[in-house]
Amino acid sequence: MKFSMIFEAQLVDPTPERERQVIHDCVEQAVFAEEMGFDRIWAVEHHSLTQYAHMSASEIFLTWVAARTRKIRIGHGVVTMPFGYQHPVRVAERAAMLDVLSGGRVDIGAGRGATRQEMSMYGVRPEDTYPQMEEALRIFSAAWREREFEWHGSLDIGPGAILPRPVQDPHPPLFMACSKHDTLKLAAELGIGALVLGFAGADDVRTMRKVYDEAIAGRTGERLVSSEVNDHLSALCPTIVLDDAERALRLGTRGQRFFAESIAHWYGNAPAPTGWSEDEDAASHAAALARGRDELVARLHEANIPARPVDTGTYNAEHAYGGAETAIAYVEQLREIGVDEVMCLIQMGTVPQEACMETIRQWGEKVIPHFRALEEAPEARDAQAARAARAARDAAGAAPALEG
């Protein structure tokens, strides 16, 4: 099982000075994550979503982090793929360049950038987001696998070469953001990894693992986007871990409340979030999350807007908030489910930098070593080898469908 962190660059009061500070804080956290034994960092790409995500140029952020680290993997989680945001060839060139400079450490996730705010900034139509995201993935894999590349679909490209060539042969691993069962099934059919939200808790992650596995087992191979199949499921794990477990719970639920209200604002037309005092207890934040969910359901119903923020489970406060033993117990559930990667959400807008850094340290010194030790046991190695063998058989059986 792998361990990673994801960065949104959230902040409550986005003055230019605070915005600059939080971006530098994210870099500090990412560099420290390597020292503490994390396997990967992910950076989102969002546009014009004030307070929720100020990570608009994740390729720059990831390059900056790559230059200050040696081995931690560098993940786009995700790139907005519809063509109005950026041309697929340009994304392929940037990713390959970063793969070269980082020594082959890049992962690429695909997303739609489907908030009304983002689409209005770039002139993207909602009906184009799914088909253009899938076509962009096909363009990437073909462009990186072929020396002389051309494409004739919604876009006419080439012939020409994508330069430089990535270090990872034939290309960096591909992923997709999956917040619904339909997108999980799509990721499985396309043969790419799934980045899933875990806000609804371990039971929901268990269901998503089942949906993903069943779609993998039932796929014919006709829709695979590459000869390289990546059946990897990464589940979000909101977490704050401190020696003071009560304060960790208070900071975690407060941070999640900010996160949930930000999502409700940009995805569900709810009011913008506000800041809250750290003196408020965890119960008050949990109660506010419950009220917020009910209020948002009513608001979305009145506006005839699909209840996407509710579906993501962002209003559930039962997560890895507390001492290290709480985080270990929660991750034990994810391990039993068969999650391939635990993706820690630590940087939430109201959480102070010192608490983020202490959480990273606690995971590095107490949580991650606990699971590394389990994986070194003979029975764990046997189970891991069996899973790898199954994945290899699936990939070998699916690859011929990609010819031509």
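This short talk walks through a few helices and some backbone details of one predicted model.

Let me begin with a pair of helices. Two packed helices are described by the angle between their axes and the distance between the axes. Here, helix α1, residues 16-35, and helix α2, residues 58-67, have axes that come within 10 Å and cross at roughly 45 degrees. Since angles under 35 degrees count as roughly parallel and those from 65 to 115 as roughly perpendicular, α1 and α2 are therefore oblique to each other. The crossing in which α1 passes α2 is right-handed. On the α1 side the contact is made by I23, C26, V27 and A30, and on the α2 side by F61, W64 and V65. Sorted by class, this contact of α1 with α2 has seven nonpolar residues, with no polar and no charged ones.

Which residues of α3 are buried? They are P88, V89, V91, A92, A95, A96, L98, D99 and S102, and these buried residues pack against α2, β3, β4, α5 and β6. Just after α3 comes G103, with a positive phi of about 75 degrees.

Helix α11, residues 324-337, can be treated in a similar way. Its 14 residues should span 20 Å at 1.5 Å a residue, which agrees with the 20 Å between its end C-alpha atoms. The buried residues of α11 are A324, A327, I328, Y330, V331, L334 and I337, and what covers them includes the strands β1, β9, β10 and β11 together with the helices α7 and α12. Just after α11, G338 takes a positive phi of about 100 degrees.

Finally, some backbone details. Most residues other than glycine have a negative phi, and most peptide bonds are trans. A9, in the loop between β1 and α1, is not a glycine and yet has a positive phi of about 60 degrees; at 0% relative accessibility, A9 counts as buried. N269, in the loop between α8 and α9, is likewise not a glycine and has a positive phi of about 70 degrees, but N269 is partly exposed, with a relative accessible area of 49%. As for the peptide bonds, a cis one joins G77 and V78, with omega about 25 degrees, and V78 is found in strand β3. Another cis bond joins D169 and P170, with omega about 10 degrees, and P170 lies in the loop between β6 and β7.

How values were computed: Residues are numbered from 1 along each chain as its sequence is written. This is a predicted model: local features need pLDDT of at least 70, side-chain atom pairs count only at pLDDT 80 or more; totals for chains, interfaces and linings use all residues. Side-chain values use heavy atoms; hydrogens and water are left out. Axes are lines fitted to C-alpha atoms, for helices over the stretch in contact, and angles run from 0 to 180 degrees between N-to-C directions. Helices (H or I, at least four residues) and strands (E, at least two) are DSSP runs, numbered from the N terminus. Angles under 35 degrees count as roughly parallel, over 145 as roughly antiparallel, 65 to 115 as roughly perpendicular and the rest as oblique. A crossing is left-handed if the near helix is turned anticlockwise from the far one by less than a right angle, and right-handed if clockwise. Contact means heavy atoms within 4.5 Å. Ala, Val, Leu, Ile, Met, Phe, Trp, Tyr, Cys and Pro count as nonpolar, Asp, Glu, Lys and Arg as charged, and the others, Gly among them, as polar. The expected span of a helix is 1.5 Å times one less than its number of residues. Buried means under 20% relative accessible area, exposed over 50%, partly exposed in between (1.4 Å probe, protein chains only).
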